[in-house]
Amino acid sequence: MTGVFDAIVVGARCAGSPTAMLLARKGYRVLVVDRASFPSDTVSTHILHPLGARALSKWGLLGRLAATGCPPIHTYAFDFGPFTITGAPGTRDAPVGYCPRRTILDELLVDAAAQSGAEIRENFAVKDVLVEDGRVVGIKGRSKHGSSIIERAKVVVGADGRRSFIAEAIRAERYDEKPPLLAAYYTYWSGLPMEGRFETYIRDRRGFAAAPTHEGLTMVIVGWPYAEFAENRKDIEGNYLKTIELAPAFADRLRGARREARFAGVPVPNYFRKPYGCGWALVGDAGYNRDFITGQGIMNAFHHAELCAAALESVFSGARRFGAAMSEYQRTRDAGVKAMYEFTCQLATLEPPPPEMQQLFGAIHGKQKAMDDFARVNAGTISPAEFFAPENVNAITAAA
Ligand SMILES: Cc1cc2nc3c(=O)[nH]c(=O)nc-3n(C[C@H](O)[C@H](O)[C@H](O)COP(=O)(O)OP(=O)(O)OC[C@H]3O[C@@H](n4cnc5c(N)ncnc54)[C@H](O)[C@@H]3O)c2cc1C
């Protein structure tokens, strides 16, 4: 079918496919293009916190994920050395998270977009953005057969990740930027049972985390400050294993396990981008990126896909003007993540917590309600602004 699409979505993973799916479900004509084909992996670990799972559930996709054999995660444990804070990360209606391989999750999302009526073109690389009278009106790209193709739409949505071609092409304004703070590498292990737990180990300027994923494997990611990135990449395996030795009991468990994949990792910058302009929008990492230490990216992509799709729908239906709908999308997105952005960037430095924070962690330890809340903060279930509010901190320390 040719003609003008309502939306062309560039990028078909966690942000792009849900945006396309939600618009297509409302009856809009959507084209999704991605230079990748699916199933395929990407450099990213893949903790999906309970509120991310809740989005899948709302879209009717959680059962499909569970049916792939992805183990649910009901407990988050934060090991500080002298003590461990262990809590439940979810809510009553979204009690568990997952750690699905991106090969499986992303394909599931692409399929859902296609089943909702979006047209999907894989192996399609966008090479240019068409602009007429200062307005984005379409894309020019190359298909898998090498032919050059032009497609037009009312709106072009860049869901093309943190190196977004669309954002660069239309020079989207960046704000509240912070440089890369953390360097980390991950791989997969067999013979390392996790019993439904996501475990994080926090040591001096070092940290690592482990979570169970598909096919009986456990993903283990190890990090150090970005200042050590260049030096430590000379011996990734040595530095990875040396960091794990900082938690001897876990190191013992790892000795009984077998590494099943190569190491992967990439440091990322932290930023917001203005997510809309004349004829274009951004969603997912293309519009907002934060360090991966708190594993918010997939869940944020889901939530921002919902916000972006709802704003575009209100424009397509004639209910609202583009500028009003999209500026509200930007405001809601930013307000929803701001406190977590600051918390994440602070954690990503791997600096030892200040004394008052260490005192708070000590006070939380052993009190189940406070430990659950701490797990929920890290899962993005409750906001750090709420948890670290003076009244709450005072209540926790007084109870201790
Ligand atoms: C090391 C690391 C660990 C992470 N760990 C976690 C974690 O545990 N939990 C979590 O929630 N998040 C994690 N993240 C973040 C998470 O990966 C991202 O937030 C998420 O992938 C964002 O999805 P997206 O759809 O916006 O972008 P992406 O997943 O980057 O998808 C962008 C898509 O756009 C396509 N594309 C790009 N350019 C073009 C073009 N010109 N033409 C056509 N297609 C194009 C790409 O092929 C790609 O498929 C991690 C990230 C890193 C780097």
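Helix α2 (residues 50-58) and helix α9 approach each other with their axes within 8 Å, crossing at roughly 45°; axes here are lines fitted to C-alpha atoms over the stretch in contact, with angles running from 0 to 180 degrees between N-to-C directions. α2 and α9 are therefore oblique to each other, oblique being what remains once angles under 35 degrees (roughly parallel), over 145 (roughly antiparallel) and 65 to 115 (roughly perpendicular) are set aside. The crossing of this pair, α2 and α9, is left-handed, meaning that the near helix is turned anticlockwise from the far one by less than a right angle. The model is predicted: local features need pLDDT of at least 70 and side-chain atom pairs pLDDT 80 or more, while totals for chains, interfaces and linings use all residues. Residues are numbered from 1 along each chain as its sequence is written, and side-chain values use heavy atoms, without hydrogens or water.

Polar contacts (pairs of N or O atoms within 3.5 Å) are found at several points. A polar side-chain atom of T45 sits 2.5 Å from a ligand nitrogen. Ligand oxygen atoms lie 3.0 Å from a backbone N or O atom of A15 and 3.0 Å from a side-chain N or O atom of R102. The protein covers 94% of the 1,000 Å² of accessible area that the ligand has on its own (Shrake-Rupley method, 1.4 Å probe).

Note on methods
A polar contact is a pair of N or O atoms within 3.5 Å; within protein, one must be able to donate a hydrogen and the other to accept it, and residues adjacent in sequence count only if both atoms are side-chain atoms. Helices (H or I, at least four residues) and strands (E, at least two) are DSSP runs, numbered from the N terminus.
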